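Please look at the structure on the screen while I take you through it, one region at a time.

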Amino acid sequence: MTLTIGLRGLAFGCRHALAGLAMVSLAACSGGGGGGDDSSTFTPPTSGGTPTSVTISGTITFDSVPHNSNAIGLNYSGITQEPVRGVTVQATTGAGAVLDSDVTDGSGRYAVDVDPNTNVRIQVRSEMVQDAAADWDIRVLDNTRSNALYILAGSLTNSGTSNSIRNLNAASGWTGAAYTQTRAAGPFAILDGIYDALADLTAVDATITFPDLQIFWSVNNRSADGDVADGDIGTSSYTRISGVPTILILGDVNNDTDEYDTHVVVHEFGHYFEDQVARGDSIGGAHSLTDRLDPRVAFSEGWANAFSGMVLDPVYRDAQGAGQLFGFAFSVESNSYPNEGWFNEGSIQSILYDVFDSASDGVDTISAGLGPIYSAWTDSDFLNEDSFSTVFSYLDVLQDEPAVSATVLNALRAAQNINGTGPLGIGETNDGGDMPNLPVYKPITVGGAAVEVCSNDDNGTYNKLGNRAFLVVTVTGGSRTFSMTQTSGAANRNPEFRIWNNGLFFVLPSDPIGQPEIVIFSPSADTYIIEAFDAENTEDGGTRGDACYDFTVN
Amino acid sequence: MNTVLKSSCLAAGAVSLALGGCAQLAFSHATDEAAPVKIGHAEDLAKSTVKSGAAVSFRHTHTGAGRRGTVAFVVSEGYDTGTLTLTATGDEEISVFGAAATQTVDLSDGAEHMWSVDFEAARDGVFYLNVMAVAETKDGIIASRAYAARVQVGEVAAEKAGAGESAATTMPSGETVIMMEAEEVIQ
């Protein structure tokens, strides 16, 4: 008997070549054993008798649902079967005991060796795990069913006495007008985007370490606030749950389900990257392209949008609504947004994507790729900067990358009406429509004059520009009194502040509403960032309003 | 004392609300000198970093007698101008009715908008009304955001999510998994 099969998948399962290889090698791992074509002629053993083992190989795929050509909504008539890459495949007994395992290559191929004449099931785990120079452990779990891992399971079939092929596909569950079957493709569609992100990042750093990541996806995950275990996740997001980095992905059909909105998945992975691999000081919260945002949030969201464009394509697509036929899209290549500036995520994604991409447009003549962008994210100067992670602190490092022309970078930022320089954005002239927003960081000296800080709700609450003011102070040690006293605005405002040092904040006592906020403590000699705000503008249920305060350090 | 303070705050989730509460456990008055401790990264006190979309958020309450009722939404948005189209839909178990199920809001008319939608449920239970908000600015930028409004009809216990689906399986290793049947071709 002669079988024509994929030689790479059969003869050189990825498990044999995995150690020491980064994800970028996965696509080639099965060819690394001997090269050759994708298919060849394989002749099973003919020496007579029963072989000591047989190889089961094949390809794992999932139903991929594309977006419509206008980028709005999903196109179920365009479903294709795409390879499931980089995931764990197991051969198991009927009772679930694992006989052998492999990791699919860049074409979704696997090979496992089992005893002949044994009942074997091939199953695919919704996980990507690699313990090598670059390592990661990423799993898609159902938060509404005990955080269970998804497993795509084949049949329990006898392995026979010769090598065989078992191809498995994870179906979408869409049967023409609705999801009426198990949505088995969902977890693997999510991992498909993650695979691309891992591949791009390991291409620029072959020894990158990703802390464990759990991705919660369920068909019950809806846009409601409540208990994550019930599926009420609010929306797709990145957070930490009990300290564990967690991406939450919607799965609520006819309202908002994101497993095929790969830009959304990669966007959230971008947040995970900044939080766990680099540095991210975002305070999170709702945001849009047109918002004037807290600069930490604007930078984080602009990065996440741009990153999805770098990994996938520049058109961010998010399908929503009945039948998944609606939604919205935007291009991170666009250079024009309302409210441009250091507080606008559109401005920031425009700059970052222009640095990355090879297309020249406007003042963009940079084609630096992901390398310098990654290097800046992980530069010790950026990681250890006193100030927050904002477009200022990031560009201050990025401009020193050899592949990045500081002249062109300055042109890009000027085109977005970002004028400040250095990590503190000194000299910034774009006040976002409200003068108290400048300077970005207000210098204050120990024993010096009071510095006015204001908190307003002009652009919204919690994470919008003007809600919070930043001060920068250098102390030389000793006991210091930090004081924030209201000078204008309605009565009974609630001044609060946090003191930050290299991205970490101190637990501080809090005075009651309507009273000055006064804290006495003895910081070590260093530079500190003070984040001053009116809690009425930052906490749920607060009485919104505008007020200003005198801040002193003595 | 500092150790206790740190543990308490972290155990409380260390959200911003907890900061004040935790701090007051440890300090009798803000002006008492103390040695604050660092408790962590911005993420420790942040809300989640949510996906892009329209700058719209929702709150809702619902009232009613029997299986008919009204959901009252408070729609908060962060736009100066443009329009916001709100659409509420139900499903086979809870339906919406009346012209108010779709409403267009002038975004220049304040930052909060009230919106009421009538519904009728087929039975007692916990349901979700699907809401879609599509914002279009005067610059032609369109973004949307979904919301699911939880509505409980009658005195019923909330159904556990996933109750109608296949149960999770415990493997010999102790791991909990969900088995999904593959489309398989064996050659």
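This is a predicted model: local features need pLDDT of at least 70, side-chain atom pairs count only at pLDDT 80 or more; totals for chains, interfaces and linings use all residues.

If you look for Arg166(A), you will find Ile186(B) of β13(B) standing opposite.

How many residues does each chain bring to the contact between chain A and chain B? Chain B contributes 68 residues and chain A contributes 94. On the side of chain B that touches chain A, several elements supply at least two residues each, among them the helices α1 (2-11) and α2 (16-26) and the strands β9 (125-136), β10 (142-153) and β13 (183-186). Sorted by class, that side of chain B holds 38 nonpolar, 19 polar and 11 charged residues.

For the model as a whole, the ipTM is 0.88 and the pTM is 0.90. Chain B has a mean pLDDT of 78, with 76% of its residues at 70 or more. Which elements of chain B have the lowest and the highest mean pLDDT? The lowest belongs to α1(B), at 28, and the highest to β13(B), at 98. Across residues 1-29 of chain B the pLDDT is below 50, and this stretch has 43 contacts in the model beyond near neighbours in sequence.

I now turn to a sheet within chain B. Here 4 strands make up an open sheet, in the order β3-β4-β8-β6, with antiparallel pairing. The edges are taken by β3 (56-65) and β6 (94-97) of chain B; each has a single partner strand, so one side of each is left without a neighbour in the sheet. On average, and ignoring direction, neighbouring strands of this sheet are turned by 35° against each other. Between β3(B) and the antiparallel strand β4 of chain B, residues 68-77, there are 10 bridges. Within this pair, Phe58(B) is placed opposite Val75(B) of β4(B).

Chain A has an open sheet of 4 strands too, and its order is β21-β28-β23-β26, again with antiparallel pairing. At its edges stand β21 (451-455) and β26 (517-521) of chain A, each with a single partner strand, so one side of each lacks a neighbour in the sheet. From one strand to the next, the twist averages 20°. Strand β23 of chain A, residues 480-489, and strand β28 of chain A, residues 547-553, are joined by 7 bridges in the antiparallel sense. Phe482(A) stands opposite Val553(A) in β28(A).

Finally, consider two helices of chain A. Helix α6, residues 295-311, packs against helix α7, residues 345-356, at an angle of about 40°, and their axes are 7 Å apart. That angle makes α6(A) oblique to α7(A). The crossing of the two helices is right-handed. Residues making this contact include Phe299(A), Trp303(A) and Met310(A) from α6(A), and Ile348(A), Leu352(A) and Phe356(A) from α7(A). Taken by class, the residues of the contact of α6(A) with α7(A) comprise 9 nonpolar, 5 polar and 2 charged.

Thank you for your attention.

Note on methods. Residues are numbered from 1 along each chain as its sequence is written. Chains are lettered from A and ligands numbered from 1 in the order in which they are written. Axes are lines fitted to C-alpha atoms, for helices over the stretch in contact, and angles run from 0 to 180 degrees between N-to-C directions. Angles under 35 degrees count as roughly parallel, over 145 as roughly antiparallel, 65 to 115 as roughly perpendicular and the rest as oblique. A crossing is left-handed if the near helix is turned anticlockwise from the far one by less than a right angle, and right-handed if clockwise. Two residues are in contact if their C-beta atoms, placed from the backbone, lie within 7 Å. Ala, Val, Leu, Ile, Met, Phe, Trp, Tyr, Cys and Pro count as nonpolar, Asp, Glu, Lys and Arg as charged, and the others, Gly among them, as polar. Two strands pair if DSSP finds at least two bridges between them. pLDDT is the predictor's confidence in each residue, from 0 to 100.
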